[in-house]
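Please go through the model shown here with me, taking the overall build before the individual helices and residues.

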Amino acid sequence: MKAKPATQVAWREIDGETVLVDLARNLMVAVNRPGGLLWRAIQEGADLDAVAGTLTADAPAEGRRLAGSFLAQLEGCGLVEAEGLAERADTGPADTAEHAPRVLWREDLSSFVQQAASCGRRPSQGGQCQIFKRF
Amino acid sequence: MRGAIPASFPAFATERSPRWRVDIGGAKVDLDAAALEAPVVQVAGGSFRLVGMGVTAEVNLGERRAHLAIPPSPHALAVVLRHLLPVAVEDGLVFHAALLAGGDRAWLCCGPSGAGKSTLARLLPAHARCDEMAAARFVGGEWHGEALPFWRSRPGRVPLHAVYLLRHGECHRRRRVDPRLALRQLSEHVLWPTGSPAATDRALGLLCDMVEQVPVFDLEFLPRPDVLEVLAGNTDEAAA
């Protein structure tokens with residue numbers, strides 16, 4: 001099981017969560033503590049199978065399964081490129097156990113054209129940015 | 001090119017020696033077509049380049065020199081600044097927010113269009129510094145709110161006392177938001193720097209620091225001037 005981060009992903013830890021920002025995709029994602037552990041391992045190029053095996057105390061295979069599911073979530077967000085996820089088939093609802101790595105939330109960060117700051121409307125609210133006409 | 005200078009800019013004029021040299025030239029564009037172009041920003045090796053919306057900007061961040069080709073519209077400079085400021089301001093963040101202040105305390109009031117930023121500024125004109133975009137800067141070991149010259153604004157930098165996430169309500173009430181939730185909710189009000197991974201990384205770090213160091217509140221409010229009592233922290237709630 002291998003993964004490498006997409007380029008241009010900034011990240012920080014805050015209060016036990018790890019927050020990732022990818023402006024190429026206008027995306028911010030937060031992962032829980034086990035997810036942050038795996039993210040750091042990805043950043044460091046560590047052995048993901050070994051790290052995954054530590055997620056569950058007595059069931060390393062379960063840890064690897066959970067890690068595979070988590071990496072599939074990250075790959076779905078475009079944050080990593082993963083391979084060797086033999087057990088990735090399940091990309092449905094994440095396991096909610098405390099030791100299970102998972103994405104907690106994601107936010108779409110507005111681009112300039114979409115941002116309300118430019119004209120007071122987002123595309124979903126109707127109307128294009130008429131910035132040059134507002135005078 | 002007089003038409004290219006927004007009405008709000010002269011209020012920010014200063015007698016201090018300029019720190020930037022900016023050469024401005026005209027550009028003939030179809031404004032209707034230009035309004036639909038998404039600007040493309042490139043940042044590399046200390047230079048910033050923006051093309052789009054009828055504007056071309058070449059900026060040398062290290063030498064603080066810029067050359068702009070812009071149409072005679074007061075919003076053209078705003079297009080440049082909105083993309084340049086998040087990259088060039090290394091000690092802070094730019095927010096879609098109103099900035100209000102009382103004495104030595106500033107309150108950054110964030111929210112999407114319709115949340116009440118301009119309403120607050122109209123209710124409290126003596127306290128309003130700007131109602132569109134403001135900066136939060138970490139200077140001298142503390143956070144400050146700083147007005148930016150967009151739409152209706154007047155200059156000033158004041159210690160930042162609180163950040164508010166605005167929404168309309170049936171009373172005035174503020175509730176403290178924990179840093180993790182504050183980070184999530186504030187992220188959509190930040191003007192994130194584009195074209196520079198280093199600037200993005202810096203911005204994320206600053207936002208994480210800010211939510212841990214400056215209290216963030218959810219604020220629901222009525223369009224009444226006594227909301228000032230809640231903004232100032234004199235009370236957390238006032239009935240309708």
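Q: What percentage of the 240 residues of chain B count as buried?
A: In this predicted model, a residue is called buried if 20 or more other C-beta atoms lie within 10 Å of its own. Applied to the 240 residues of chain B, that cut-off gives a buried share of 46%.

Q: What is the radius of gyration of chain B, and why can the chain be called as compact as a globular protein of its length?
A: Chain B holds six helices and 14 strands, and its C-alpha atoms fill a box of roughly 55 × 35 × 35 Å along the principal axes. For 240 residues the globule rule gives 18 Å, and the chain comes close to that value, so it is as compact as a globular protein of that length. The radius of gyration of chain B is 18 Å.

Q: What is the mean pLDDT of chain B?
A: The predictor's confidence in the complex is expressed by an ipTM of 0.83 and a pTM of 0.86. Within chain B, 93% of the residues reach a pLDDT of 70 or more, and the mean is 88.

Q: Which element supplies the largest share of the side of domain 1 of chain B that touches domain 2 of chain B?
A: Chain B is divided into domain 1 (2-88) and domain 2 (92-238), and the contact takes 14 residues from domain 1 and 16 residues from domain 2. On the domain 1 side, β2 (40-44) and α2 (76-88) of chain B each supply at least two residues. The largest share, six residues, comes from α2(B).

Q: Which residues touch the most other members of the largest nonpolar core?
A: This core has 102 residues, and it draws at least three residues from each of domain 1 and domain 2 of chain B.

Q: Is B:Val177 buried or exposed?
A: B:Val177 lies in strand β12 (residues 172-177) of chain B, and beyond four places in sequence it touches B:Leu165, B:Ala182, B:Gln185, B:Val216, B:Phe217 and B:Asp218. Because 21 other C-beta atoms lie within 10 Å, B:Val177 is buried.

Q: Which elements of chain A do the buried residues of α3(A) pack against?
A: Helix α3 (residues 60-76) of chain A has 17 residues and reaches 24 Å from its first C-alpha to its last. The helix is mostly covered, with 12 of its 17 residues buried, among them A:Arg64, A:Arg65, A:Phe70 and A:Gln73. Those buried residues pack against β1 (2-5), α1, α2 (48-53), β5 (80-83) and β6 (103-108) of chain A.

Q: Which residues of α1(A) are buried?
A: Helix α1 (residues 33-44) of chain A has 12 residues and reaches 17 Å, close to the 16 Å expected at 1.5 Å a residue. The helix is followed by A:Gly45, whose phi is positive, near 70 degrees. Within α1(A), the buried residues are A:Pro34, A:Gly35, A:Gly36, A:Leu38, A:Trp39 and A:Ile42.

Terms used
Residues numbered from 1 in each chain as written. Chains lettered and ligands numbered in written order. Predicted model: local features only at pLDDT ≥ 70, side-chain atom pairs only at ≥ 80, totals over all residues. Helix = DSSP H or I, 4+ residues; strand = E, 2+ residues; numbered from the N terminus. Rg over C-alpha atoms; globule rule 2.2 N^0.38 Å. Expected span 1.5 Å × (residues − 1). pLDDT = per-residue confidence, 0-100. Core = buried A, V, L, I, M, F, W, Y, C linked by C-beta atoms within 7 Å. Domains from an automatic or database assignment. Contact = placed C-beta atoms within 7 Å.
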